[in-house]
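Visitor: Good morning. I am new to this structure and would like to ask a few questions about it. Could you take me through it?

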Amino acid sequence: MKKRIPYVVSTFTLTYVSHGLLAFLTTHGHIEFHTLPGQVLFIAGGSSPTLFALVFILRDPKLKETFKKRLLSVRHSPFLWLFALGVPLLIGGTYQLVSIALRDTVFESSVPFYAFFMILFVSVLFGGLEEIGWRGFVQEHLMKRYEPVLIAIGIGLLWGLWHVPLFWIEEVSHYDYAFLPFLLGAIMFSTYLTWLYRVTRSLILVVLFHASINASATIG
């Protein structure tokens, strides 16, 4: 608890201050989202799980010793690699197929399915690297004391609530979302991520899974 609580407080504080300020300034016309000040605030808030995870990990000799090994752990079965990339892609692709079948007008504004892999790289940098914190730091500590289902729900709730300020920024996609389904989705994906990290202890796999979620959300 001595390490997890300061991490969570630090992460939420930076994100809520940065994104909250961004929401206020853009809403009142003081700055625009795509200007340098807007992007600095957006990136600062979005990078907090990764930033503080690195700070806390590098200060802990035991975690620091195993961090590189867990980050670059790639020797896993093809099934696990397919799982990391394929599950979110399957969900996003299914939505597009249903939209086409129903002639849903939402599909007309969706990003084409084939753009998934082009978006994936950007999604690693802006989203996927959060898992260094959520899995590599928080789950790494929680696994010593709690059952996987409790970890999945707990981190899912934190992950969902951490996104709250984005729902007040008109220029990001969360602005149009309903929060409760989003929160339930965060818990659902947290279940996958908790399991994947538990069986592999691989940060690169959970980073890819998270990036795949974001890329799949972009296509539907």
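This is a predicted model: local features need pLDDT of at least 70, side-chain atom pairs count only at pLDDT 80 or more; totals for chains, interfaces and linings use all residues.

Visitor: Where do E131 and R135 lie?

Guide: Both belong to helix α7, where they sit four residues apart, about one turn of the helix.

Visitor: And what do E131 and R135 form?

Guide: They form a salt bridge, in which the closest N and O atoms are 3.0 Å apart. As a general point, side chains of opposite charge can pair when their charged atoms come close.

Visitor: How many salt bridges does the structure hold?

Guide: There are three salt bridges in the structure. One of them is formed by R70 with E140, with 3.6 Å between the closest N and O atoms. That pair links distant parts of the chain, since R70 is in helix α4 (residues 61–71) and E140 is in helix α7 (residues 131–142), 70 residues apart.

Visitor: Is R70 buried or exposed?

Guide: R70 counts as buried because its relative accessibility is 4%, and the cut-off for buried is under 20%.

Visitor: What about E140, buried or exposed?

Guide: E140 also counts as buried, because its relative accessibility is 8%.

Visitor: Which side chain meets that of E140 in a salt bridge at 2.3 Å?

Guide: That is R201, whose side chain meets the one of E140 at 2.3 Å, N to O. R201 lies in the loop between α9 and α10 (203–218), whereas E140 is in helix α7, so this pair ties together parts that are 61 residues apart in sequence.

Visitor: Why is R201 called partly exposed?

Guide: R201 is partly exposed because its relative accessible area is 35%, and that class lies between 20% and 50%. Salt bridges with shared partners join R201, E140 and R70 into one network.

Visitor: Let us change topic. Where does A178 lie?

Guide: A178 is found in the loop between α8 (148–162) and α9 (179–200).

Visitor: What is the relative accessible area of A178?

Guide: The value for A178 is 47%, so this residue is partly exposed.

Visitor: And what separation is there between A178 and F167?

Guide: Their C-alpha atoms are separated by 8.8 Å, and the two residues are 11 residues apart along the chain.

Methods:
Residues are numbered from 1 along each chain as its sequence is written. Side-chain values use heavy atoms; hydrogens and water are left out. Helices (H or I, at least four residues) and strands (E, at least two) are DSSP runs, numbered from the N terminus. Buried means under 20% relative accessible area, exposed over 50%, partly exposed in between (1.4 Å probe, protein chains only). A salt bridge is a side-chain nitrogen of Lys or Arg within 4 Å of a carboxyl oxygen of Asp or Glu.
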